[in-house]
Amino acid sequence: MTFAVAAEAYDRFMGRYSGELGRELASRAGLRPAMRALDVGAGTGKLTGALAEIVGEENVAAVDPSEPFAETLRERFPHADVRRASAEDLPFPDEEFDAVLSQLVLNFVADPKRALAEMRRVARRGGVAAAAVWDYGEAMTMLTRFWEAAATIDADGAEALDERRTMRLSAEGGLAELWETTGLADVEGGAIVVSTSYESFDELWKPYLAGVGPAGAYAASLAPDAQEALRDEYRRRLGSPEGAFTLEARAWYAVGTT
């Protein structure tokens, strides 16, 4: 359970990218005021917040299997319908929502097809289902460079967790293909590019040691000397930044009609 961590740790690690990504995904999904919307695998609520801004918090539901994240969602969105649940077993009746969205989640569920089937089930006829996943292999700079560094210093040890290899839906067109093969109509797919700034390299590096996600779990598992070697190689691959710097991250998205 690499996401059974404090919400603040996730926000420092990945959440800083997710707010902008959530707003972009909601825009591509055509969210409008007063629609009923569900955030599947809501995490700490970056997409949930983007949905609430558009449709109103009282019209938003959110689920996540992590108890720390679910509790954070309840605190941050007291007027939303927040439940602890998995993407493959959504606790809602058929045709409950106008829009069902999932951000950075489908690579981490055991059965993405079942998760999408559940998203379709709880969406009304003519509603929308949308999702986004990182382009781990090429252009999610933070993680792409991290795993390049890990493979350089510890090829065998890093391989099992390397998200460039393990994430099934990280290639261009993969998410859109899943949408089409699952029977969604009017499928649109493409790229969303977001960015975030860091005051220093240490601001980027330290959250890895909290053990968030596969990359954090790998970094936190290393002995101190190996962590230092990884840190140095990672910094080198990012151009040895001094002071503030900005990283871009590309996600692939898919939107379809139910």
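Residues are termed buried under 20% relative accessible area, exposed over 50%, and partly exposed in between, with a 1.4 Å probe and protein chains only. By this criterion, buried residues make up 54% of the 258 residues in the protein chain. The structure is a predicted model, in which local features need pLDDT of at least 70, side-chain atom pairs count only at pLDDT 80 or more, and totals for chains, interfaces and linings use all residues. Residues are numbered from 1 along each chain as its sequence is written, and side-chain values use heavy atoms, with hydrogens and water left out.

The radius of gyration of the protein chain, taken over C-alpha atoms, is 18 Å. This value agrees with that of a compact globule of 258 residues, which would be near 18 Å by the rule of 2.2 Å times the number of residues to the power 0.38. Along the principal axes, the C-alpha atoms fill a box of roughly 55 × 35 × 30 Å. Of the contacts (heavy atoms within 4.5 Å) with a separation of 6 or more, 75% are accounted for by residues 24 or more positions apart.

The secondary structure comprises 11 helices and seven strands, defined as DSSP runs of H or I with at least four residues and of E with at least two, respectively, and numbered from the N terminus. Seven strands form an open sheet of mixed pairing in the order β3-β2-β1-β4-β5-β7-β6, where pairing requires at least two DSSP bridges between two strands.

Axes are lines fitted to C-alpha atoms, for helices over the stretch in contact, and angles run from 0 to 180 degrees between N-to-C directions. Helix α2 lies across β1, β2 and β4 and runs at about 175 degrees to β1. Helix α4 (residues 112–122) lies across β1, β4 and β5, at about 145 degrees to β5. Seven of the 10 residues of α2 are buried, so this helix is largely enclosed by the rest of the structure. The buried residues are L47, T48, G49, A50, L51, A52 and V55, and they pack against α1 (7–28), β1, β2 (60–64), α3 (67–76) and β4 (97–103). After α2 comes G56, with a positive phi near 95 degrees.

The loop between β1 (37–40) and α2 (46–55) contains T44, which counts as buried because its relative accessibility is 2%. Beyond its neighbours within four places in sequence, T44 is in contact with A7, Y10, D11, F69, T72, L73, R76 and F77. Helices α1 and α3 pack at an angle of about 90 degrees, with their axes 9 Å apart. Helix α1 is therefore roughly perpendicular to α3, a term covering angles of 65 to 115 degrees. Their contact is made by A7, Y10 and D11 of α1 and by F69, T72 and R76 of α3.

Elsewhere, S221 lies in helix α10 (residues 213–221) and is exposed, with a relative accessible area of 55%. The C-alpha atoms of S221 and L209 are 8.6 Å apart in space, and the two residues are 12 residues apart in sequence.

Notes: Angles under 35 degrees count as roughly parallel, over 145 as roughly antiparallel, 65 to 115 as roughly perpendicular and the rest as oblique.
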